[in-house]
Amino acid sequence: MNRTALTTSFVLILTTLLVAATPERSKGISMHMLPKRVADLGGSKWGLTVSRSEQLTPDAGSTTLQTPEEFLAFVQKQSSSARENGVWIVTTHPDAYSEPEKSFLNEVIALCVKEKIPLFITRASQLPNGWKRYDLPN
């Protein structure tokens with residue numbers, strides 16, 4: 001009887017910790033990857049465009065990141081809560097991106113693995129359930 005109660009308590013505590021540690025997009029850093037050729041049509045910058053959120057620094061909503069260094073500096077500038085909830089990137093069809101743009105995204109993925117930044121990526125056509133986590137080593 002004592003063993004069952006202990007096991008049940010352990011499972012409940014573990015479940016609570018796992019749920020509490022599960023990143024949430026609404027509390028994290030949301031971005032979309034705007035292809036250069038689309039950005040050029042609209043006269044804007046290509047790259048990772050940050051979505052405005054109360055979780056982020058006030059200037060974050062107009063930010064577009066084009067290098068891994070800019071990405072890391074931006075993420076590190078955010079609150080610990082936003083960082084813990086991760087970076088959430090929405091992309092479009094892979095053919096919309098040039099090789100340098102694809103390389104940039106791969107560098108961001110590698111950086112997130114190295115820096116242990118929770119990273120989730122999905123294509124817009126797979127929203128809301130297509131998120132794949134990228135920050136963990138395979």
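**Notes on the salt bridges**

1. Lys102 and Glu99 form a salt bridge, with 3.6 Å between the closest N and O atoms. The model is a predicted one, and the distances and accessibilities in this note are computed from it.

2. Both partners of this pair belong to helix H5 (residues 99-115). Lys102 and Glu99 sit three residues apart there, about one turn of the helix.

3. The two side chains fall into separate accessibility classes. Lys102 is partly exposed, at 28% relative accessibility. Glu99 has a relative accessible area of 56%, and it counts as exposed because the cut-off for that class is over 50%.

4. The structure holds three salt bridges, and another of them joins Asp40 to Lys36. The closest N and O atoms of Asp40 and Lys36 are 2.9 Å apart. Helix H2 (residues 36-42) contains both residues; Asp40 and Lys36 are four residues apart in that helix, so about one helical turn separates them.

5. How exposed are Asp40 and Lys36? Asp40 is partly exposed, with a relative accessible area of 47%. Lys36 is also partly exposed, its relative accessible area being 38%.

6. A salt bridge also links the side chains of Glu24 and Lys27, with an N to O distance of 3.5 Å. Glu24 has 35% relative accessibility and counts as partly exposed. Lys27, at 36% relative accessibility, counts as partly exposed.

Methods:
Residues numbered from 1 in each chain as written. Predicted model: local features only at pLDDT ≥ 70, side-chain atom pairs only at ≥ 80, totals over all residues. Heavy atoms only, no water. Salt bridge = Lys/Arg side-chain N within 4 Å of Asp/Glu carboxyl O. Buried < 20%, exposed > 50% of the residue type's maximum accessible area, 1.4 Å probe, protein only. Helix = DSSP H or I, 4+ residues; strand = E, 2+ residues; numbered from the N terminus.
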